[in-house]
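Visitor: I would like to walk through this model step by step. Please keep the answers plain.

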Amino acid sequence: MSNDNGVSRRQFMKTSALAAGGLLLACHLPLGRRDAAAATAEAFTPNAFLHIGTDERVTVIVNKSEMGQGVYTSLPMLVAEELCCDWKRVTFRPSPVAPEYNHTQFGPIMVTGGSTSVRSEWSRLSLAGAAAREMLIAAAAQEWRVEPAACRAEKGFVLGPGGRKLSFGTLAPKAASLPVPKEPKLKPGAKTLLGKPLKRLDSPAKIKGTAVFGIDVRAPGMLTALIARPPVFGGTVKGFDAAKAKAVPGVLDVVAVDAGVAVVADGFWPALKGREALAISWDEGDGARVSTDAMREEYARLAATPGAVARKDGDAPAELAKAARRFEAEYEVPYLAHATMEPLNCFVDLQSDSCLIRTGSQFQTGDRNAAARVAGLKPEQVTLETTFLGGGFGRRACPASDFVIEAVQVAKTVGKPVMVIRTREDDMRAGFYRPLWRDRVAACLDGRGYPLAWHHCIVGQSIMIGTPFEAMIRNGIDDTSVEGAADTPYAIPNLQVELHSPRNPVPVLWWRSVGHSHTAFVVESFLDELAHAAGKDPYQYRRALLAKHPRHLKVLETAARKAGWGKPLPKGRGRGIAVHESFGSFIAQVAEVSLSGDGRIRVHRVVCAVDCGRIVNPDTIEAQMESGITFGLSAALHGAITLRNGRVEQGNFDDYPLVRMAEMPTVEVHIVLSGEDPGGIGEPGVPPIAPAVANALFAASGIRVRSLPLTPETVKRAGGRAA
């Protein structure tokens, strides 16, 4: 009753015979495969829904949030492949919050994150499609009084002996009355949909402007609220005078909430003007003394001291102590904002016995439960409807559920449906951030020029501390802080990775690719330094150290070959290479850059090779790699959140710029075919781009920059040309 992947433990259960005239199917998987990330997860209660209407429409109810990564197409493809339906009849619907939709790997929660949407749903959605196919075939066989083995499904029909043919919609009512197969079989043979570049099902709505994002939600009697927030983290309201705010036409109320003071109006504009008119005084507390300059000094001091050991192979300190020559470097990356294109927002309609929430959430279970707690209701009395997300990058998967809680508090106070919305500046200055990191690395080389010892000390805030996930920290190690460094695949006989997790008032959160976003920059940059110190080609140097890792090698070799590694470049240009594994996928990137006279870096071309295992939709993979490169390039060239006197100094895209169209390089994506288990694609495209660009800068100019972003100022500090 069991096999390697645990799928034979599944038990399918039909939850509704006929819903809106058709077959509605849910599959339950009491136990399933776990991976390392889910080692602490509780028992699994995942599920998937499929509805086949008598109108032939096939609806897949998707339990993942659509924030640009294409899950409203990729997950229906998994079902449709096994169902053998007509893809033109397939549509989708976001799922409600319910145990049946919990994550298969992260425990009893409904959440979208960790680049797991396809990885976590591949088996159960495929099996859901297979189960429905078998039921439809059984229904047709009974109708024709033949054996099911004599029938087959194809493009929305069941075909039988003698040319008989019935559509899925016709068979749906009868199929709904049949028992659900306990162990459905996946269809043999070649795939008809998977691996094909299908157009996205959500594109028409987005093109026509009918797609509803959280910011588009409207409801009868809905009010709009903006919150005046403390200027520093940890600040509180000392007092306020609402008279001038209430004098603004359209302002209806001014109320205190935990996050600050909410100005409630009949629209966004009066709420904004009312907030500007509000007289308010703050107790800034210790938060006013926070500055990134002071943090940098403290982090540099910590980096020179022993930390909690995350990995220890051999004895790196001893080898370094007796080395005739050692190489040392310190790297630094700044706080980063998520900067979603759609600012945070949340609609709440709170009644005495119910609460309706409409928002773009990545963490539905946590947000629903937090709303229930604040509203004084039971979780089952709270309905959370997930809208399209105008970017997430981890910000809308916040354990604190901050933007939902504050919206419920405002709705509870004013007693009317309300949308609490943030301005861009609210998001930028009162958010959660990718931590500031300081890394100190030392190495020595063997007689052939390869690393004999590598000692890496990492300093940065833990994103787990202070959250329900803090229990996952073991022996002082938050795995998300050291991922990409403690698990480096490079063949280094003496390797030690240590961690310091200092605490300060700045809220931190997972940011697209989490710890990999900084460790890839450090590891791939320092390895590049060692290659040059050894007088070896950086690409060949990596190949030698990855000899036992074929998937790393394959993407590395593909990217190098497609980029023309070793071939002449125009004068002033250089190539840099980086390879990194994250979220089950393997990515190599080659960047081609030049440095202008004013110290600005121009990225001309990026060649990316990706091995993400079995493929659902190659168009989506290519788009996600392009998206990850763009996102990572914005951080590499521009991104930095800094604090002075406790205040975030950036507020909008004028001082926190993203890569614009004119800056975008030519991007080429090459998918390496693989029969391995599916890997993630939402985040792995981000980590390699910063080191690839930094390494290319060195190749082009001889300037080694060890801090991000790669601005003219940092280039100047690294010894380059003046800004």
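Visitor: In which helix do Glu121 and Arg124 both lie?

Guide: This is a predicted model. Glu121 and Arg124 are three residues apart, about one turn of the helix. Their side chains meet in a salt bridge, with 2.5 Å from N to O. The element that holds both residues spans residues 117-144, and its label is helix H2.

Visitor: How many salt bridges does the structure hold?

Guide: The pair Glu121 and Arg124 is joined by a salt bridge. For the structure, the count of salt bridges is 41.

Visitor: Where is Arg145, the residue with phi near 60 degrees?

Guide: The phi of Arg145 is a positive value, in a residue other than glycine. On one side of its loop is H2, and on the other is strand S6 (152-154). Arg145 is therefore placed, with helices and strands taken as DSSP runs, in the loop between H2 and strand S6.

Visitor: Into which domains is the chain divided?

Guide: Domain 1 covers 44-207. Domain 2 is made of two stretches, 214-286 and 344-421. Domain 3 also has two stretches, 292-336 and 433-721. The names are domain 1, domain 2 and domain 3.

Visitor: What area is buried between domain 1 and domain 2?

Guide: The C-alpha centres of these two domains lie 38 Å apart. Their contact takes 15 residues from domain 1 and 13 residues from domain 2. Carbon and sulfur atoms give 60% of the buried area, which is about 1200 Å².

Visitor: How many residue pairs are in polar contact between domain 1 and domain 2?

Guide: Across this interface the rule finds zero salt bridges. Polar contacts are present between the two domains, counted with both residues at pLDDT 80 or more. The number of residue pairs is six.

Visitor: How do the residues of the side of domain 1 that touches domain 2 divide?

Guide: Three of these residues are polar and three are charged. The nonpolar residues number nine.

Visitor: Which side chain does Arg600 join in a polar contact of 3.0 Å?

Guide: Arg600 is in the loop between strand S26 (585-595) and strand S27 (601-611). Leaving aside neighbours within four places in sequence, Arg600 is in contact with Ser594, Leu595 and Pro712. The side chain in the polar contact belongs to Asp598.

Visitor: With which side chain does Arg644 make a polar contact?

Guide: Arg644 lies in strand S28 (residues 643-644). Beyond its neighbours within four places in sequence, Arg644 is in contact with Val290, Ser291 and Glu649. The polar contact of its side chain, at 3.0 Å, is with Glu649.

Visitor: Which residue is joined to Pro709 by a cis peptide bond?

Guide: Pro709 is in the loop between helix H17 (689-701) and helix H18 (712-717). The omega of the cis bond is about 0 degrees. The partner of Pro709 in this bond is Leu708.

Visitor: What radius of gyration does the chain have?

Guide: The chain has 18 helices and 30 strands. Along the principal axes, its C-alpha atoms fill a box of roughly 85 × 70 × 50 Å. Because a compact globule with 723 residues would have a radius of gyration near 27 Å, the chain agrees with that expectation: its value is 27 Å.

Technical notes. Residues are numbered from 1 along each chain as its sequence is written. Side-chain values use heavy atoms; hydrogens and water are left out. Domain bounds come from an automatic or database domain assignment. Contact means heavy atoms within 4.5 Å. Buried area is the accessible area (1.4 Å probe) that two parts lose on being put together, summed over both. A salt bridge is a side-chain nitrogen of Lys or Arg within 4 Å of a carboxyl oxygen of Asp or Glu. A polar contact is a pair of N or O atoms within 3.5 Å; within protein, one must be able to donate a hydrogen and the other to accept it, and residues adjacent in sequence count only if both atoms are side-chain atoms. Ala, Val, Leu, Ile, Met, Phe, Trp, Tyr, Cys and Pro count as nonpolar, Asp, Glu, Lys and Arg as charged, and the others, Gly among them, as polar. Helices (H or I, at least four residues) and strands (E, at least two) are DSSP runs, numbered from the N terminus. The radius of gyration is taken over C-alpha atoms; the globule rule is 2.2 Å times the number of residues to the power 0.38.
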